[in-house]
Amino acid sequence: MTEDSSEKKTKKADKTEYRRVGGRMIGALLPRLTQPIFRKKSPLYVRLLMEWETLVGTALAEVSEPCRLRPGVLTIRCCGPAAVEMQYAAPRILANINTACGLSGADALTQIKLLQDRPVQPKRKSPPRPKQCNGASIAVEGIDDESLKEVLERLGSHVLAKKQGAKRERRF
């Protein structure tokens, strides 16, 4: 029995020693986990996709998107009419991307290629307006201050309109 117990103790000691010495930081494991993902899409390309609207502006972001990233060259997919605007804005877009992503020297983007194959997106339709409540006002009595009385009347008319299911136009 002493042999079995001594073997168990040495195994326990080995495991404890392994845990102390063999423990690694989580940062050492991340490259192995993220490498398959980054083979498909580079971190810079993913960042461009996520921040595209802030980099090029809302008007151009609605009609364009980055589609390919090569060393020094960004290919942007856009609709035909927006290609002219993108061409004029190319130096500004390159500067924004290089600054925001911290690219400089050989890593910096130097050229934009435009690919005109994206259809023009339809304009967003505004939702239908709800019915307006016109003359339903609440009379407030017993208040001397005219501005307070007016505010309370408007509040009462909004509450009444909400109960009736119609919205009243706000005045600020």
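Predicted model: local features only at pLDDT ≥ 70, side-chain atom pairs only at ≥ 80, totals over all residues.
The secondary structure of the chain comprises seven helices and three strands. Along the sequence, these elements run in the order α-α-α-α-α-β-β-α-β-α. The mean pLDDT is 76, and 67% of the residues reach 70 or more. Helix 1, residues 2–22, has the lowest confidence, with a mean of 56. Strand 3, residues 111–115, has the highest, at 92.

The chain has 172 residues, of which 23% count as buried. Its accessible surface is about 13900 Å². Carbon and sulfur atoms account for 55% of that surface. Contacts were also sorted by sequence separation. Of those between residues at least 6 apart, 55% join residues at least 24 apart.

The interior was examined next. In soluble globular proteins, nonpolar side chains tend to be buried together. In this model, the largest nonpolar core holds 21 residues. Within that core, W52, L74, M86, I93 and I97 touch the most other members. Four elements each contribute at least two residues to the core: helix 4 (52–56), helix 5 (58–62), strand 2 (73–78) and helix 6 (80–101). Helix 6 gives the most, with eight residues.

W52 illustrates how these parts meet. Residues up to four places away in sequence are not counted here. Beyond them, W52 touches G57, A61, S64, E65, P66, L74, I76, M86 and I97. L74, M86 and I97 in this set are also among the core residues that touch the most other members. E65, another contact of W52, takes part in a salt bridge with R77.

N98 also lies in helix 6. Its relative accessible area is 14%, so N98 is buried. The cut-off for that class is under 20%. Leaving aside neighbours within four places in sequence, N98 is in contact with L103, A108 and L109.

The loop between helix 6 and strand 3 contains D107. D107 is exposed because its relative accessible area is 58%, and the exposed class begins over 50%. The C-alpha atom of D107 is separated from that of G72 by 6.7 Å. These two residues are 35 residues apart along the chain.

I26, L29, L30 and L33 make a nonpolar surface patch of about 400 Å². One of these residues, L33, is found in helix 2, which spans residues 26–40. L33 counts as exposed because its relative accessibility is 58%.

Charged pairs were then located. Side chains of opposite charge can pair when their charged atoms come close. A search of the whole structure finds three salt bridges. One of them joins the side chains of E51 and R47, at 3.4 Å from N to O. Both partners are partly exposed: E51 has a relative accessible area of 28%, and R47 stands at 32%.

A further salt bridge links the side chains of E65 and R77, with an N to O distance of 3.0 Å. E65 lies in strand 1 (residues 64–70) and R77 in strand 2, so this pair ties together parts that are twelve residues apart in sequence. E65 counts as partly exposed at 28% relative accessibility. R77 is partly exposed as well, with a relative accessible area of 26%.

R77 also meets D117 in a salt bridge, at 3.3 Å from N to O. D117 lies in the loop between strand 3 and helix 7 (146–164), and R77 lies in strand 2, so the pair ties together parts that are 40 residues apart in sequence. D117 counts as partly exposed, with 45% relative accessibility. Through shared partners, salt bridges join E65, R77 and D117 into one network. R77 takes part in the bridge to E65 and in the bridge to D117.

Terms used. Residues numbered from 1 in each chain as written. Heavy atoms only, no water. Core = buried A, V, L, I, M, F, W, Y, C linked by side-chain atoms within 4.5 Å. Buried < 20%, exposed > 50% of the residue type's maximum accessible area, 1.4 Å probe, protein only. Contact = heavy atoms within 4.5 Å. Patch = residues over 30% accessible without salt bridge, like charges linked within 9 Å, V, L, I, M, F, W, Y side chains within 5 Å. Areas by Shrake-Rupley, 256 points an atom, 1.4 Å probe, with all protein chains shown as cover. Salt bridge = Lys/Arg side-chain N within 4 Å of Asp/Glu carboxyl O. pLDDT = per-residue confidence, 0-100.
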